Amino acid sequence: MMRKNISRLILVCFLTGSLLPIYWMLNMSLKTNEEIIGVMTMWPTHLTFNNYLTIFTDESWYSGYINSIIYVALNMVMSVTLALPAAYAFSRYSFLGDKHVFFWLLTNRMTPPAVFLLPFFQLYSTVGMMDTHLAVALAHLLFNVPLAVWILEGFMSGIPKEIDETAYIDGYSFPKFFVKIFLPLIKSGIGVTAFFCFMFSWVELLLARTLTSVNAKPIAATMTRTVSAAGMDWGVLAAAGTLTIVPGALVIWFVRHYIAKGFAMGRV
Amino acid sequence: MARIELVNLAHSYKAHPTSPSDYALLPMTMTWDDGGAYALLGPSGCGKTTLLNIISGLVIPSEGQVLFDGKDVTRLPTEARNIAQVFQFPVIYDTMTVRENLAFPLKNRGWKTADITKRVDQIAEILELTSDLKHRASGLTADAKQKISLGRGLVRPDVAAVLFDEPLTVIDPHLKWLLRRKLKEIHHELKLSLIYVTHDQVEALTFADQVVVMTQGEVVQVGSAQVLFEEPEHTFVGYFIGNPGMNLLPCSVSQNKVRINGLETSLSVPENFLHAVNNGSANNVIKLGIRPEFVECHATSIANSLPAQLSMVRNMGTHWLASCQLGEHKVAAKLRHEPGKVGSPIWLSFSSERTLFYVNDKRVR
Amino acid sequence: MKTYNNKAWWLIFPVILSVAFSAIMPLMTVVNYSVQDILGPDQAVFVGMEWFRAVMRDSDLHGALFRQLIFSIAVLVIQIPLGIGVALTMPAQGWRASLSLVLVALPLLIPWNVVGTIWQIFARGDIGLLGNTINNVGISYNYTGDSFDAWITVLVMDIWHWTPLVVLLCYAGLRAIPDAYYQAARIDGASRFAVFRFIQLPKLRNVLMIAVLLRFMDSFMIYTEPFVLTGGGPGNATTFLSQYLTQKAVGQFDLGPAAAFSLIYFLIILLFSFILYNWMQRVGTGDQA
């Protein structure tokens with residue numbers, strides 16, 4: 001019991017520390033720039049919603065939000081779908097070059113995205129896919145697919161191969177086994193993979209901004225256009241930051257059961 | 001080596017259960033003898049794992065008591081109960097060698113190293129793991145890992161009972177037999193109480209002295225393989241045990257004769273059965289049961305035989321399996337010789353000694 | 001334990017296609033630039049390995065590399081154990097689990113430039129909660145003026161931002177451990193520490209490998225957050241490798257050396273990751289081959 005209370009205490013401390021800057025961001029979002037720079041107050045003395053208003057009245061805001069959600073969702077689905085069979089292959093089979101390919105996948109995450117800006121720009125211009133959601137979703141596959149494969153492989157390797165074999169003996173076809181038995185066993189891995197794919201794609205501003213102009217312009221534009229006539233627009237940035245947390249929080253809320261549900265390796 | 005008693009034991013996940021369907025385990029009272037081998041047999045969801053977990057201490061029952069050698073252990077935690085449990089998949093410590101795995105429970109109990117080594121060697125020999133002692137446990141095959149799992153339980157001399165939760169599920173079929181035999185050997189040598197949960201009747205019947213048949217939270221019969229086969233007290237037992245299971249045919253009684261599909265048979269009617277039928281409610285479900293092994297097939301009609309048609313005939317090597325269409329009912333028969341061709345008529349008779357009667361699924365003599 | 005089957009290539013083919021499609025072209029472009037001196041739009045001279053040599057000789061590079069290494073090591077040493085620890089304290093199910101999950105994940109969802117911006121104010125001694133509190137307690141703290149303070153601030157900001165990644169990975173990994181292991185441990189009379197050492201930690205191996213590699217790589221490439229927070233200063237105290245690269249490419253608008261440096265950068269990360277990966281594989285296991 002004592003141990004449980006210490007656990008709880010540690011968690012509460014960590015979460016409190018973690019939430020302080022977020023609270024601060026919320027605080028800033030409800031203040032005027034003058035107040036932010038001027039004094040330190042725990043809560044706005046002159047509560048203002050102007051920052052949020054600035055965002056909401058900007059016509060590109062709403063579409064920006066939607067555009068981001070579209071390409072991120074596209075990317076999430078593609079990444080996980082592509083990664084699942086590959087992760088299964090790496091986990092269950094050995095084949096020519098397997099270890100090298102596995103490591104090569106990760107190397108795609110070893111360069112700052114800035115390096116890809118110009119080449120991607122040229123590539124997508126050439127194929128006429130500039131300013132499409134698909135372009136950004138495809139571009140983001142570069143760093144999300146390797147991540148998804150690596151995480152899923154890790155979780156799949158935790159399932160003993162005997163489960164596969166028992167299922168075949170029991171008469172399951174491979175697709176049925178994969179969907180009905182295997183995937184539920186790696187639920188927490190899938191949940192966490194989906195969330196990370198969402199997160200890394202959502203916060204990626206450079207590529208998203210470079211590959212789009214009008215039709216698929218994401219919130220990245222708002223995020224980086226932050227200097228007003230009077231200087232740094234702290235309040236608006238903070239408000240934008242607060243707003244961009246919301247979809248991500250929703251995603252993790254939706255996958256919470258996948259991540260948290262225990263592993264019930266019961267009747268096969 | 002414990003005598004396990006269950007007194008009015010029941011378990012419900014609801015706070016105030018009102019009807020039988022609220023119970024995961026319906027009230028039962030049972031005694032299991034010291035050193036016996038018992039199997040809990042039943043389909044998925046029948047409550048056998050719940051019962052096992054109550055005995056091992058992982059679940060605290062909502063009603064009733066569990067006694068080990070007369071001592072109430074109902075609320076004692078698992079570690080205080082002197083039991084060992086083997087799970088559906090091998091549970092071993094990956095980073096340790098086989099020896100370290102087996103030594104672990106003893107180390108935690110503060111044993112001296114020399115004693116530990118001796119005991120581990122002893123158990124390893126019984127389980128035929130001696131050559132693997134130095135190896136990392138994680139590199140072994142599934143059946144070896146299950147033996148290690150089992151070994152960790154056996155290594156404690158004070159272990160009273162070993163509980164198995166479908167332990168052969170992930171084992172290769174040809175290795176299952178070897179493991180089962182090993183379990184029987186251990187049972188004889190170490191004289192422990194063994195309780196084995198399974199949905200496979202072959203496993204249950206070959207392993208246990210007494211089989212506890214369960215369905216939907218209820219214990220329907222406890223008995224040896226022979227008793228369960230010849231005298232099933234519940235239609236479920238008749239149907240579940242045997243391959244194929246018992247034939248259950250709706251019947252009626254009129255003028256003291258048993259009729260099937262309105263046709264008279266020569267079966268003698270047990271007294272209580274007659275009484276139950278005549279005085280019972282009209283909604284009672286009345287059936288007779290006869291095992292395929294005891295169905296007699298005749299090529300021509302004899303007195304009081306029932307006409308049927310052969311719908312399927314198959315040579316199983318050691319016997320013939322026939323499916324007969326008796327009106328709207330199917331009757332399976334296991335025969336020594338080919339009964340005839342598919343589609344030809346056949347006459348069935350059932351001997352009185354082998355026919356059992358059931359009212360509302362319960363046997364009436 | 002794995003079966004050898006080359007048909008498995010079909011399963012990974014889509015992944016290779018989708019990644020290579022995006023990776024190979026840029027790579028070729030970068031390699032192309034790195035061996036040329038681009039004097040103008042159509043005037044490029046092949047210079048071979050000259051840029052590579054020049055870059056290696058640059059002492060600013062050595063400084064940035066050194067700072068980067070210290071930073072990444074500090075990140076790993078702090079974030080991995082902290083992440084494991086927090087994951088262990090999070091409840092396994094129920095509304096408390098859901099709540100913890102959402103709260104823990106929040107820092108990850110903030111765009112990186114906003115992260116830097118918030119901390120810019122947050123850490124200020126006059127108008128920021130953190131800075132102000134520290135100064136009030138009596139410690140003199142100024143992240144814009146003092147190198148050490150700047151370092152600590154960048155480090156703490158990164159810990160705040162990225163530890164949740166480790167936490168989430170470890171949490172998911174812990175949930176994937178079947179109950180039977182804990183039950184068996186209870187029957188074996190194992191202590192809480194033994195459960196951690198012999199069951200939880202080994203079973204977290206895969207997940208920890210990913211966490212370590214990810215954190216190493218991402219911290220080695222870090223750019224936006226420290227740039228927004230300190231601009232690399234004071235001086236070049238917090239100028240890490242990525243910023244150095246950007247300065248070279250953008251500031252001096254020299255595509256050739258920038259490309260060469262990009263390649264070297266990539267190779268450094270590759271080398272260290274490879275070493276880390278192999279080391280962890282060996283330390284880990286004998287079983288999962």
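Guide: Two strands pair if DSSP finds at least two bridges between them. The model discussed here is predicted.

Visitor: In which order do the four strands of the open sheet in chain B lie?

Guide: The pairing in this open sheet is antiparallel. Its edge strands, S2 (23-32) and S5 (71-72) of chain B, each pair on one side only. Read across the four strands, the order is S2-S1-S4-S5.

Visitor: How many bridges join strand S1 of chain B to S2(B)?

Guide: S1(B) covers residues 4-12 and runs antiparallel to S2(B). One facing pair is Leu6(B) opposite Met30(B) in S2(B). The number of bridges joining S1(B) and S2(B) is six.

Visitor: What is the bridge partner of Glu5(B) in S2(B)?

Guide: Glu5(B) stands opposite Leu67(B) in S4(B). S1(B) and S4(B) are antiparallel and joined by five bridges. In S2(B), the bridge partner of Glu5(B) is Thr31(B).

Visitor: At about what angle does helix H1 of chain B run to S1(B)?

Guide: H1(B) spans residues 48-56 and lies across S1, S2 and S4 (63-68) of chain B. S1(B) itself is mostly covered, with seven of its nine residues buried. Relative to S1(B), H1(B) runs at about 125°.

Visitor: How many of the five residues of strand S3 of chain B are buried?

Guide: Side chains in a regular strand alternate between the two faces of the sheet. In S3(B), Ala37(B), Ala39(B) and Leu41(B) point one way, while Tyr38(B) and Leu40(B) point the other way. Both sets are buried. S3(B), residues 37-41, is therefore largely enclosed by the rest of the structure, and the count of buried residues is five of the five.

Visitor: Which residue in S9(B) does Leu41(B) stand opposite?

Guide: S9(B) covers residues 210-215. S3(B) and S9(B) run parallel, joined by four bridges. Leu41(B) stands opposite Val213(B).

Visitor: What percentage of the 365 residues of chain B count as buried?

Guide: Chain B has nine helices and 22 strands. Its C-alpha atoms fill a box of roughly 80 × 50 × 30 Å along the principal axes. Of the chain B contacts with a separation of 6 or more, 68% come from residues 24 or more positions apart. The share of buried residues in chain B is 54%.

Visitor: Where in H4(A) does a kink of about 30° lie?

Guide: H4(A) has 34 residues, 59-92, and should span 50 Å at 1.5 Å a residue. Its end C-alpha atoms are 50 Å apart, so the span agrees. The kink comes shortly before the proline Pro85(A), at Leu84(A).

Visitor: Which residue caps the N-terminal end of H3(C)?

Guide: H3(C) runs over residues 59-89 and reaches 45 Å, close to the 45 Å expected for 31 residues. In the cap, a side-chain oxygen lies 2.8 Å from the backbone nitrogen of Asp60(C). That oxygen belongs to Asp58(C).

Visitor: What is the relative accessible area of Phe95(A)?

Guide: Phe95(A) sits in the loop between strand S1 (93-94) and helix H5 (98-107) of chain A. Beyond its neighbours within four places in sequence, Phe95(A) has contacts including Phe90(A), Tyr4(C), Trp9(C) and Ile12(C). Buried means under 20% relative accessible area. Phe95(A) is buried, at 2%.

Methods: Residues numbered from 1 in each chain as written. Chains lettered and ligands numbered in written order. Predicted model: local features only at pLDDT ≥ 70, side-chain atom pairs only at ≥ 80, totals over all residues. Heavy atoms only, no water. Helix = DSSP H or I, 4+ residues; strand = E, 2+ residues; numbered from the N terminus. Contact = heavy atoms within 4.5 Å. Axes fitted to C-alpha atoms, helices over the stretch in contact; angles between N-to-C directions. Buried < 20%, exposed > 50% of the residue type's maximum accessible area, 1.4 Å probe, protein only. Expected span 1.5 Å × (residues − 1). Bend = angle between axes of the 7 residues up to and from the residue. Polar contact = N/O pair within 3.5 Å; in protein donor to acceptor, adjacent residues only side chain to side chain.
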